Amino acid sequence: MKLASKLPAFTAAGVLLALSLTGCGSAAQSAGVVTASAAVKTDDGLAINGESIADKATYEKAKTQTLSLYSGYTDSSESALVDAFTKDTGIKVNVVRLTPNKLSERVLSEQGAGKLSADVIRTSDYRIAKSMEDAKVWKAYDVPGASALKDVSVDGGQFTRMFNSVYTLGYNTQLVKEADAPKSWADAVGGKWQGKLGIVQGGSGGSTAALNRFMETKMGGDYFAKYAAQKPKIYDSLGAEATALARGEVAVGTVTISGTNISAVQDKAPVKFIVPEEGLVSYDYYLGMTGTATNVEAAKVFMNYNLSKQGQQVFAQIGEYPVRTDVAPPTIMGVTLPAVDSGKVYRMQNTDAVTYGKDDLTKWNQVFGYTK
């Protein structure tokens, strides 16, 4: 099986990106996709567009703190969210970025050694979030409004689902005309793209776990084999594959809509995504406060902001599905994504992640001939 050539260090999977992000520090990076305007009032706590984010005592303390965020979210997307947060709140954030599986290893190692320095952690994959709960990483926090939403507050606020990222197929517009681009997941494995396809290794996190389950249940038990027969290049992470697609190393590949949006709009990369006939694949992203948090007030403001209407609109503009029902599905690069209840958006259930995740990965590795 063809493995992807090694990419530069800034895109390779598992590379630690320790970033100090402020409202102006990477404004140029995020200005292209995030345009959600905010009316901010700070005379009696923090209110954004009329919605209370924090009381006065919490906000006054939070303003003096710098939040430590460990994140498994794609770097460019997390930067866009953090930039908007700092612009709206004035609170600075230090970000440590790793792929979800590598992030889990680091968190559990630091927790076991009594040296966990994160105030909040963002990760995909319910199994990863639960493993952190089992290791007593989380400090339960009831984000205002979370308990009223379906499948958002988990285990009494141990961690909170903030949005769903979206997996689909994308293509390089310099190599593929729109009329020739695949229209479905079935098209991708029809033989036309043999040797020109990309895919992320099946165990990178919640994204691939959801995609594996979708392929197994919605596309049939032989879909792995059909995809593998195309001799795709296998990448360690979504970021690495996105870079390869933009460079033309592959013509078509699995992508996130948010990553494609940022790449096309901000970096002017020649990439587009499709909405396949069989549907999109969504996967959960969770956020939680740690029991070792030292910047508790900033952590509360950050979590409240993520679930606020302003924060949810920021996620939608990045290209994610908000969990709040009063925020519309995203419209990205001129395409309005289908509603979550349209039958065109697959979301893996938590029970399926636990029951099938390991078996799906074992099969994926065997079929694709993948070894780390």
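Colleague: How far does the backbone nitrogen of Ile91 lie from a polar atom of the side chain of Thr89?
Modeller: This is a predicted model: local features need pLDDT of at least 70, side-chain atom pairs count only at pLDDT 80 or more, and totals for chains, interfaces and linings use all residues. Residues are numbered from 1 along each chain as its sequence is written, and side-chain values use heavy atoms, leaving out hydrogens and water. A polar contact is a pair of N or O atoms within 3.5 Å; within protein, one must be able to donate a hydrogen and the other to accept it, and residues adjacent in sequence count only if both atoms are side-chain atoms. For Ile91 and Thr89 the distance is 3.1 Å.

Colleague: Is Thr89 buried or exposed?
Modeller: Thr89 lies in helix H3, residues 75-89. Helices (H or I, at least four residues) and strands (E, at least two) are DSSP runs, numbered from the N terminus. Buried means under 20% relative accessible area, exposed over 50%, and partly exposed in between (1.4 Å probe, protein chains only). Thr89 has 3% relative accessibility, so the residue counts as buried.

Colleague: Which residues is Thr89 in contact with, leaving aside its neighbours within four places in sequence?
Modeller: Contact means heavy atoms within 4.5 Å. With those neighbours set aside, the partners of Thr89 are Leu46, Tyr59, Val301 and Tyr305.

Colleague: Why are the buried residues of H5 on the same side?
Modeller: Helix H5 spans residues 126-134, and its buried residues are Tyr126, Ile128, Ala129, Met132 and Glu133. The arc is that of the directions from the helix axis to the C-beta atoms. These residues share one side of H5 because they cover an arc of only 165°.

Colleague: What residue does a side-chain oxygen of Asp125 reach at the start of H5?
Modeller: Asp125 is buried at 7% relative accessibility. Its side chain also meets that of Arg127 in a salt bridge, 2.9 Å from N to O. A salt bridge is a side-chain nitrogen of Lys or Arg within 4 Å of a carboxyl oxygen of Asp or Glu. At the start of H5, a side-chain oxygen of Asp125 comes to within 2.9 Å of a backbone nitrogen, that of Arg127.

Colleague: How many residues apart in sequence are the parts tied together by Arg324 and Glu51?
Modeller: Arg324 and Glu51 form a salt bridge, with the closest N and O atoms 3.1 Å apart. Arg324 is in the loop between strands E15 (321-322) and E16 (331-332), and Glu51 is in strand E4 (residues 51-54), so the pair ties together parts whose separation in sequence is 273 residues.

Colleague: Which residues are linked with Arg324 in a network of salt bridges?
Modeller: Arg324 is buried, at 16% relative accessible area. The network joins Arg324 to Glu51 and Asp326.

Colleague: At what angle do the axes of H7 and H13 cross?
Modeller: Lys363 in H13 and Glu216 in H7 (residues 206-218) tie together parts 147 residues apart in sequence. Axes are lines fitted to C-alpha atoms, for helices over the stretch in contact, and angles run from 0 to 180 degrees between N-to-C directions. Angles under 35 degrees count as roughly parallel, over 145 as roughly antiparallel, 65 to 115 as roughly perpendicular and the rest as oblique. The axes of H7 and H13 come within 9 Å and cross at roughly 85°.

Colleague: How many salt bridges does a search of the whole structure find?
Modeller: One more pair is Lys363 with Glu216, with the closest N and O atoms 2.9 Å apart. Over the whole structure, the number of salt bridges is 15.
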